[in-house]
Amino acid sequence: MKNDSVSLDLPHDSKKIACPAVVPLSSILPEEPLLMMGAGPVPIPDAVAKANGVVINHLGSTMATVIGQVKAMARYVFQTESKWVMGVAGPGSAAMEMAVTNLAWTGTRVLCVCNGFFSERMAEMARRVGADVEMLVIPNGRAAEAGEVADAIARFRPEIVTIVQGETSNTVWNRHLASIAAAAREAGALVVVDAVCTLSTMPLPMDEWGIDAVITGGQKGLSSIPGVSLLAFSEPAWQRIKSRPAAPAHWCLDASLAENFWHNASYHYTAPVSGVLALHEALRLVCAETLERRFARHLKCSNALQAGIEAMSLKLYVARESRLNSVVGIRLPEGLSGADVCAHISRHHHVEIAGSFGAPIVRIGQMGEQCREHHLFRTVHALGRTMHDLGVDVDLPAGVAALERSLAAA
Ligand SMILES: *Cc1c(COP(=O)(O)O)cnc(C)c1O
């Protein structure tokens, strides 16, 4: 009865793709993890790593409790009473695209305050849905002034203004965000803020500053894993989403469909349950620390790192008044490439730092778990030794001493 037996072989004439020869992860990953001091992802606490190893039913009662707590904790971190907090399976850019493409559509007038690479990404997302985008390009290396943004708002009359709180690419801090948001509000525009690298590292009181959408990722200030992100809409932003002329083009990023999962315990897509559990733990640790103490820790550590870098005679890229604390940009000494510095410090000191997207800098992060004193000493030492090895005349002992002095005085 040959015909009854099922053949597990592929048909004779089909081409077989052979299984590739690979090695297990254990022989790819370093024995001791590298210290992640770049612009993200950042080190994660044990509680976050442990939660990330758990899978539960994405629609059960346990998940409902978890989602309720994630929203409640996120409202504290965003400093908002708005109901419309939600998550998204995707990078910070997915949260950005969810905010921009739900609020903007064909013909929407969007003013993008542009400080660099990430600000531009919001403009590009708005353009792709057919919005009428005006760019206010701020000269490299400085914060946007409230006056120039108010002038651009008066000229262009936007329905939406987008801006980053911290432009990670060139390490500029938009320190006048509160007055810029107020000017936009006064002119009747909704304000969308990219806080991917800054949320929980410095104040961003969403309600107090009148912000309509705040975007964040997991792998930076929050010290969670990459790939699960959070955002919050104000009530006016939510009303705009609900009165869209048509559904948005991106089904996965449709905020009204995401409402099913994040507010009605029902199905949109299968949520990244492990990542949501990880985010829960990351948020719980922020709440346990309190925002006030977390901001103070970031300020103290970033200031000390900056003091250490300058004392060893390296130059910081951005002037004090516009300098971001969450990611510190260090001007590359003459003749060195970012790739050389990053490769050397990684290979010889097992510390990862970041290059850049064009600016002549390397970047060291001060987000979440990166802001620990023992990490700072190891990083300053590794950076100083790397520069010395690459032929730069640095005073490493002076850098370490300045780091210690700054920490002790804070
Ligand atoms: C990292 C970052 C992003 C992008 O986040 P991804 O998770 O890489 O998509 C956007 N904006 C800012 C300010 C960032 O620092």
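Which helix gives the largest share of the shell around the ligand? I looked this up before anything else. It is H3, with 3 residues.

**Basis.** I am working with a predicted model, where local features need pLDDT of at least 70, side-chain atom pairs count only at pLDDT 80 or more, and totals for chains, interfaces and linings use all residues. Numbering runs from 1 along each chain as its sequence is written, and side-chain values use heavy atoms, with hydrogens and water left out.

**Ligand shell.** I listed 13 residues around the ligand, a residue being near if one of its heavy atoms lies within 4 Å. The closest are Ser-93, Thr-168, Asp-194, Gln-219 and Lys-220. By class I noted 5 nonpolar, 5 polar and 3 charged residues; Ala, Val, Leu, Ile, Met, Phe, Trp, Tyr, Cys and Pro count as nonpolar, Asp, Glu, Lys and Arg as charged, and the others, Gly among them, as polar. Helix H3 (92-103) and helix H4 (117-128) each supply at least two shell residues. Helices (H or I, at least four residues) and strands (E, at least two) are DSSP runs numbered from the N terminus.

**Polar contacts.** I then checked pairs of N or O atoms within 3.5 Å. The side chain of Thr-168 has an N or O atom 2.3 Å from a ligand oxygen. For the side chain of Lys-220 the distance to a ligand oxygen is 2.6 Å. Gly-92 takes part through a backbone N or O atom, 2.8 Å from an oxygen of the ligand. The ligand alone exposes 390 Å², of which the protein buries 89% (Shrake-Rupley method, 1.4 Å probe).

**Backbone.** I found a cis peptide bond between Gly-40 and Pro-41, with omega about 0°. Pro-41 is in the loop between strand S1 (35-36) and helix H1 (46-51). Gln-79, not a glycine, has a positive phi of about 55°. Gln-79 lies in the loop from helix H2 (61-78) to strand S2 (85-89).

Key
Polar contact = N/O pair within 3.5 Å; in protein donor to acceptor, adjacent residues only side chain to side chain.
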